[in-house]
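Here is a short briefing to read alongside the structure. Have a look at the model first, then follow the points below.

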Amino acid sequence: MMRRGFAAAVAVAVMGLSATGCGSGQKPSDDAKGDRPKAGAKADAEIVADGDYAGPEDLPERLAADGTTIVVGDPDAPVAVRLYEDPRCPVCEEFEVRGGAPELRRAAVRREARIEYVLASFLDDRVGGSGSKKAVNALRAALDAGKFAEYHDVLYAHQPEESVDGFTDAYLLKLAGRVEGLRGPAFDSAVKTMKYRSFVTAAEKAYERAGGAEEPGGPGTPTADINGVRIPAEYNGVLFDPEVFGTLLTRIRKDPEGWKESAF
């Protein structure tokens, strides 16, 4: 029922896009990628209307009551997008840098959406190393400094090759230097000592639970739930088309409940 509904909502727009994700072992095809702008200050800049946040750096961010979800944006925004990501996942990088994520960030700045991040670290076990765990720990430390959203974007914009395991302490600290006000004794110590090791473990378990009985190891990354409705794996390509993803967010914002009834 729900999969047929999602197909009805976006079938025309996502025609030809394939399911992708680190969990599926696939990356978006060249046709699916297209010529997309790089994420960054210029890509995300636009006229700020009254009531909007000044920019991504002004978005409120907090740890949810479940202790594993990091929420960015207006808590009363009509659209909630829950993202499951692994920092080492190259497909997540595609989504964050050239896919739909810049549209999502702009919607958050306009108070139209909030972003709920569940950070996985399964790639360390799958391909070796500790970069995912170290990056998730560093992101949690950045949240304490009120710099999670900015640092998250920097990590994906400068993501090492998946096989290199390049998210070392030194590299994570170097990238933190690109975020004004993030570096300092507390943050640096948290990175070097893996202060948030328990958070890393708990977040990975939350990610695995999100896969349910069908995917006990987790749903693959990136995966998105929008207002509690998961984008079916076969239509995950919508995440990599900025125009389609932005249109979908707008439709849901305008009719947060009705879109489910008409689409599902």
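G73 is buried, with a relative accessible area of 5%; buried means under 20% relative accessible area, exposed over 50% and partly exposed in between, using a 1.4 Å probe and protein chains only. Please keep in mind that this is a predicted model, where local features need pLDDT of at least 70, side-chain atom pairs count only at pLDDT 80 or more, and totals for chains, interfaces and linings use all residues. Residues are numbered from 1 along each chain as its sequence is written, and side-chain values use heavy atoms, with hydrogens and water left out.

**Around G73**

- The loop between β2 (70-72) and β3 (79-85) holds G73; helices (H or I, at least four residues) and strands (E, at least two) are DSSP runs, numbered from the N terminus.
- Setting aside neighbours within four places in sequence, G73 is in contact with Y53, L59, P60 and R114, where contact means heavy atoms within 4.5 Å.

**How α9 and α10 pack**

- Helix α9 (residues 169-176) packs with helix α10 (residues 185-193) at an angle of about 155°, and their axes are 9 Å apart. Axes here are lines fitted to C-alpha atoms, for helices over the stretch in contact, and angles run from 0 to 180 degrees between N-to-C directions.
- That angle makes α9 roughly antiparallel to α10; the cut-offs are under 35 degrees for roughly parallel, over 145 for roughly antiparallel, 65 to 115 for roughly perpendicular, and oblique for the rest.
- On the α9 side, D169, L172, L173 and A176 meet F187, D188, V191 and K192 of α10.
- By class, this contact has five nonpolar, no polar and three charged residues. Ala, Val, Leu, Ile, Met, Phe, Trp, Tyr, Cys and Pro count as nonpolar, Asp, Glu, Lys and Arg as charged, and the others, Gly among them, as polar.

**The two sides of α10**

- F187, D188, A190 and V191 are the buried residues in α10. They cover an arc of only 160° around the axis, which puts them on the same side of α10; the arc is that of the directions from the helix axis to the C-beta atoms.
- These buried residues pack against α7 (131-144), α8 (148-157) and α9.
- P185, A186 and K192 are exposed on the other side of α10.
- After α10 comes M194, whose phi is positive, near 50°.

**The whole protein**

- The protein has 13 helices and six strands, and buried residues make up 55% of its 264 residues.
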